[in-house]
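Dear colleague,

I am passing on the structure that we spoke about, and my notes on it come after it. Please read them beside the model itself.

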Amino acid sequence: MKKMEDMLLRREAFSEVVMGNTAIVRAMVEAGTRVVSSYPGSPTPEIALAIQSIPKNDRPFYFEFSTNEKVATELAYGAAVNGHLSTVFFKSVGLNVAADTFVQLSLMNIIGGMVVVLGDDPGANSSQNEQDNRHYARMSYTPVLEPADPDEVYRFYLEAARLSQTLRMPVILRLTTHVCHAKERVAFGSWSPVQPDDTPRFDPANGPYIPLTTHAIEMKRAALARLEQVRQRAEETELNRFIDNGNRLRGVITMGLSFLSLMDVLDGAAAQPDILKLAYVHPLPRKKIVRFLSSHQEIKVLEELDDVVENQIKAIAFDLQLPVKIFGKTQPEDWIGEYTPDKVHQVLYATWPDMVQPAPTSEAEDPAPHRPPQMCPGCGHRSAFHAIKQALAPTDITVADIGCHTLGFLPPYEIGQLLMCMGASTAMASGLRLFNTSRKVVAFMGDSTFFHAALPGIINAIFNHHPITLILMENGTTAMTGHQDNPASGKNFNEETDKIPVRQVLEGLGIKHIAEVDTYQQAKLAELVVEATSIDEFSVVIARHPCMLKFTREQRKNSTYQQKHVTIDQGVCERIHTCIGAFGCPTFTRDTEGNVTINTDLCIGDGSCIQTCPTKAIIPAGKKDKGGAA
Amino acid sequence: MKAFSIYLTGVGGQGIGLISEIILRAADHAGHPVKSVDTHGLAQRGGIVVSQIRIGDKIFSPIIPAGQADLVISLERHEAFRAAGTALKDKGCLIYYNTVWQPLSVRLNQTAEIEESYIQDLCRARGIQVISVFHADLPDIRMQNMAMLSEIHRHRMIPDIDLEHYQTAMADLMSGTMLAENRALFDKRLTA
Ligand SMILES: Cc1ncc(C[n+]2csc(CCOP(=O)(O)OP(=O)(O)O)c2C)c(N)n1
């Protein structure tokens, strides 16, 4: 078997089939990166999986999952002003959390260099929105490199690291979902490990590092000057691509994944346009663009999400009064979704109908029933929702937070009627409670989120006396993003740690009403929720059960593991369908006559369903029904 | 090689990732330029997983245009029907594992379960070659993907990839008993 760690640490140059999220780790190794931090979020968690493949003592850099993206950014910054090349990576919306720190970075003299790797998510495959983080780059004077495929992820990271070391400034490497998760053969360079010089080099004389009063203005001036130096680099770099098709009429300026889609769409097109593919999308290589604009009569700016580059290019053409027609975005759909080959086909056809065949305007209708994501078989959140639904009135208001339990908003539970972002549930719930005495307000939250961004909202509810109930869905892990440990897990990325128990934190805050129960005890949980919601003060119910997906996966590694499953006693079942219609475990299958059977591929035999059957027709795993069937 | 696009689909937990990576690596071992991309979204939670593979000299994006896949591989019946309807080209090939993981609306009796005949009818109407695979005797459901891979090779559904390329790809990704068990199953089905 090819071992990932051998590949990541190989001395000689080689090539291998890898995903973008793996290629970047080899680049970190070759670049001499010393400190890396993150908070998990799709599409980036596989970067940490690649890092994890290298045993801790062989890892040429320090890595941690911090408690949130802002903390991770601050940690990487601290290391970098001590002289270490550092990197922080997280998902798109993570930058909102990190923003207060991030927007200051470009003001600082970051002597070690610092790369900020963003996993943007056009198409909102696994995010609350598809925000275009290039806006943050512009507002903070931070350069952005945008790779299109794993090969470029590798090469652009090396460029970003070098640039940030040379100019002592932060540099963004902006990945997108299908760049992170694309796989292809990549040629890597050699690596000769050097003994790192870990002398703490922080020196206030390298500053100022205090952006106050007059300093702040001076520092901004310096940031803008550095950005002009980057522009120079953006003009010269070999990473830009110019595809000369000898077309003096038409050209396309593009970047990232849109470029790949464009190349596919143009296969077989009449009169191929010239193409300028940018490596740096901020700051723009102005001279290069002017030359491209001047040598064509029509330019299409092909850009995923917002018109960030387009507007700057139009401004250049306007200032220089260039006689060129620039086509950008025209209709709202142009701002929306991933620029897949199909999308680029439509956009290109709308611009130049004579260049490509008409694009199919609508996709073939999906003939199969939708398949929304579900909580897993045995999930403690399901038992919790099933119980809590019985404890609340239909008019009560339930506020969700980010995590697996968010899926409770789907039928049959429909619990969690509002969602914003990580940690937002308690304070939103507090607002919903103002002037409201008739409808109870209940907030939900997972344990990773609790430590990530929830504490200010919780403390506010105590501080300002908001009588809501918070239900903490503690499963001991950061489940939704792939089971990363959190402060309550008893382990961090590198070693065993003391648990930071959620309950004691809450007690320390002075909360008087804290109840806790395993979610499989559904009747007890329902009782506790009724009790908690009738108290006229902030109350918490800790609804606890280990993540069963994680648990089952660990069990399966055991060679003696045998999958167990419950069975239905068909003689007892009265086809009331509580198991399917209300409890809703995906294991229960309905045939055309309405009989219920068990999908044995799915059932893990946890038995959390047994208590939900009004006729006691569900037989525990390993027991037999009266007919003798197992 | 002329471009060949493969669309793999199934439900989170069925092992799409492994079968996709084996095909990707087998194509690479066979000397073809190849790219792939996985879309998992929230798939780990019983949603749809899709993996796309494109083989050929003039391939740029790993994403297949709608309705342009040459081959659809599905590990579940509903997903086979969905992908045949949206991703597969006319006269293409569909191979699916004939198991059912009912989507929510089927369990709630709001929509009908997709039956085998629906797939047959759709494929007949569009000139699609269809192969349905099911083995009642698999030791572990996580081997359904390997049974599928074996059928894919037995029917030579992907051009210009030989047995040794699949075998080398499997050895890249697995070792010990896992490799031995999967190889045994793969080889057995080839001759069955
Ligand atoms: C700012 C931000 N960072 C990261 C994420 C990615 N994310 C989505 S769900 C989730 C897990 C939350 O874990 P937890 O609160 O423990 O709930 P669980 O999934 O375990 O039920 C994370 C980190 C996000 N949506 N927003």
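This is a predicted model: local features need pLDDT of at least 70, side-chain atom pairs count only at pLDDT 80 or more; totals for chains, interfaces and linings use all residues.

Residues are numbered from 1 along each chain as its sequence is written, chains are lettered from A and ligands numbered from 1 in the order in which they are written, and side-chain values use heavy atoms, with hydrogens and water left out.

Chain A holds 20 helices and 23 strands, where helices (H or I, at least four residues) and strands (E, at least two) are DSSP runs numbered from the N terminus. Its C-alpha atoms fill a box of roughly 80 × 60 × 60 Å along the principal axes. The radius of gyration, taken over C-alpha atoms, is compared with a globule rule of 2.2 Å times the number of residues to the power 0.38; for the 630 residues of chain A a compact globule would come near 25 Å, and the 28 Å of the chain agrees with that. Of these 630 residues, 59% are buried, meaning under 20% relative accessible area with a 1.4 Å probe and protein chains only.

Chain B has 7 helices and 6 strands, which run β-α-β-β-β-α-β-α-α-β-α-α-α from the N terminus on. Its C-alpha atoms fill a box of roughly 45 × 40 × 35 Å, again along the principal axes, and its radius of gyration of 16 Å agrees with the value near 16 Å for a compact globule of 192 residues. Buried residues make up 60% of chain B.

Turning to chain A in detail, 7 of its strands form an open sheet with mixed pairing, in the order β3-β2-β4-β5-β7-β6-β12, and two strands count as paired if DSSP finds at least two bridges between them. The edge strands, β3 (62-65) and β12 (280-282) of chain A, each pair on one side only. Within the sheet, β6 (residues 144-145) and β7 (residues 170-176) of chain A are parallel and share 2 bridges, with Leu145(A) standing opposite Leu173(A) in β7(A).

Helix α10 of chain A (residues 256-266) is mostly covered, with 11 of its 11 residues buried; among them are Phe259(A), Met263(A) and Asp264(A). After α10(A) comes Gly268(A), whose phi is positive, near 90°.

With best wishes

Note on methods:
Buried means under 20% relative accessible area, exposed over 50%, partly exposed in between (1.4 Å probe, protein chains only).
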